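Subject: Structure for your files

Hello,

Here is the structure I promised to pass on. Please have it open while you read the notes below it.

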Amino acid sequence: MKALFPRAGFAAGALLLFAAPFLTANPFYQRVAALTLLAAISASAWNVIGGYAGQVSFGHSVYFGIGAYAALLAYAKLGWPPIAGLPFGIVASFALSIVVGLPSFRLRGHYFSMATIAIAALAGILVTNWDFVGGAIGVMGPARARSFADLLFRSSLPYYAIFLCVLAILLLFTRLLQKSRMGFYLRAIGSDERVAQSLGVPVRRYKLYALLISGAFTSIAGTLYAVMVGFVDPNSGFGILISVNMVVMAALGGAGTLFGPLIGAAILVPLGEATNALWGARGIAYVAYGVIIMLLARFSPGGLAELGRFIVKGWRRRAA
Amino acid sequence: MILLQLAADGLLLGAVYALFSSGLTLIWGMMNVVNFAHGDFVMLAMYIAFFSFTLLKLEPIVFVPLAAVLLFALGGLVYYALVRHVMRGPMLAQILSTFGLALFLRYTALWAFSANFVSLPSGLVGGVYDLGGLRLAASHLIAGFSALLLTLGLHLLLTRTDLGSRMLAVSEDRVAAELVGVRPDPMQALAWGLGAAATGVAGALIALFFYVSPEVGNSFLLLAFVTVCLGGFGSVPGALLAGVAIGVIESFSAYWLGPATKDAVVLALFILLLWVRPQGLFGRA
């Protein structure tokens, strides 16, 4: 059972991911499915630094915004297809990790989180007041496809396919990381930084590696978002809620687990879309998020993954 | 003259910053937990002030204490229902608990009160006085001086009374305090109550001259972070000096750089400070 279950579960999950968009012809549901995968990409990217290495960042919106702006500025300023902005976003995310992330790693725990909130807020203000990048108005993508490279599709299915590929690459990467020396280092840092340091783990170097990976994939998520939606402004690129989404999804599914962020996204994105459709107010979903986070922190800090393990354990004990 | 005017405005506003920031620093000093919902406590107090005036026709002399009492109760409740259970748990749970509370409060307010800006009528507590060319609004004067007195009062409560000694004992060593007969939970709940009551008074005072909206808490949270960091985590006198300093810095940068970038100056200062001197200017390493 123990050996069988994960493999069968994995196969079933993978099959469901491949089949999901074909189960419905409703474009709204297909769009929700694509947005779920996109959210899963950024939450999984956050998970590398926030989950495994335990550095709770509320500043990842900056990486997302950089990716999104790189895509649409490549179009608006150079006339390139938005996806061509992807490498620029990644390079900018590296620069940000080194210039801003590295000094922030002197801080631990709450201090680190406070610094990331401030950095994200500062980035938002700077972008809003920077006319070259569109100021408060934002940047538009191409209105209609000039060529296939613009990646403008009426249906959400092509986006779903692209997002699925990127998510698969990211999860494969994370899986390899988990098993590697670096994975062990990160988990050591996550459980107790001082102990890890005293055991000879090069703490700051590995935190930086984790942030480089995490930031680059978050910027890719931002680029993909911009390609699909075709518009970004300071709020949809750099807003605090972008970070909140990543944190909540990863924490709900289980921070520091491989599939936790995907599971969290699969629950919260449809929930958010449903509340929006029902009440039309954007706020309600975040009221629910707040309650979910408080309950998680109070009863199951490891998220659904911990809850699942707990239930399975109890069930086994009863069976035995 | 304009410099003097800016300094006076900054000082009065800074005293209010000091008051709600001393609440944050008190909670941090007692149990090493950052209250990420602190700004939203201020927001809540501002709405309490607004609705007590518009719906219940209460005067400021009534609604400021009322906000303090309500927020004190909320603080105690948050400690017993939430913080007590997570404060020795994993870091993620500690951070997420109050962050979840912040989201809950902010978006419940958005849902209940809508995103519209509202404000109390100006001149509720008197007009603008001209003191030898220095123009000072009564609302600013009342807010600034009450905040100053209350922050000093909080400091005296912590350092000069028996109750304060017991709170400090718990903050130094929970177990040792228990051994000499101080029950830690009521003391820490009291710290949350007092910390929240400080936001209650500050919020109700700010509402006298500042607009209210569900999202207003975010900038107060960041201001409280900067103030607490500058003054040293856990130090009330530090928060007082730092709050006043931040008020003045904000006032001058708004004048020289424009109101859009004044937040950027304060945030950049905060980030630099955290990088260079995380224990704060007046804090011990």
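Predicted model: local features only at pLDDT ≥ 70, side-chain atom pairs only at ≥ 80, totals over all residues.

Interface

Chain A brings 39 residues to the contact and chain B brings 40 residues. Between them the chains bury about 3,700 Å², and 84% of that is on carbon and sulfur atoms. On the side of chain A, the residues that lose the most area to chain B are A:H110, A:M114 and A:M294, which together make up 19% of what that side buries.

Four residue pairs are in polar contact across the interface, with both residues at pLDDT 80 or more.

Four helices of chain A each supply at least two residues of the side that touches chain B: α4 (86-104), α5 (109-128), α11 (240-253) and α13 (283-299). The largest share comes from α5(A), with twelve residues. Sorted by class, this side of chain A has 30 nonpolar, seven polar and two charged residues.

Helix α10 of chain B

This helix runs over residues 236-257, 22 residues in total. From first C-alpha to last, α10(B) reaches 30 Å, close to the 32 Å expected at 1.5 Å a residue. The N-terminal end of α10(B) is capped by B:S235, with a side-chain oxygen 2.9 Å from the backbone nitrogen of B:G238.

Regards

Key
Residues numbered from 1 in each chain as written. Chains lettered and ligands numbered in written order. Heavy atoms only, no water. Contact = heavy atoms within 4.5 Å. Buried area = accessible area lost by both parts, 1.4 Å probe. Polar contact = N/O pair within 3.5 Å; in protein donor to acceptor, adjacent residues only side chain to side chain. Nonpolar A, V, L, I, M, F, W, Y, C, P; charged D, E, K, R; others polar. Expected span 1.5 Å × (residues − 1).
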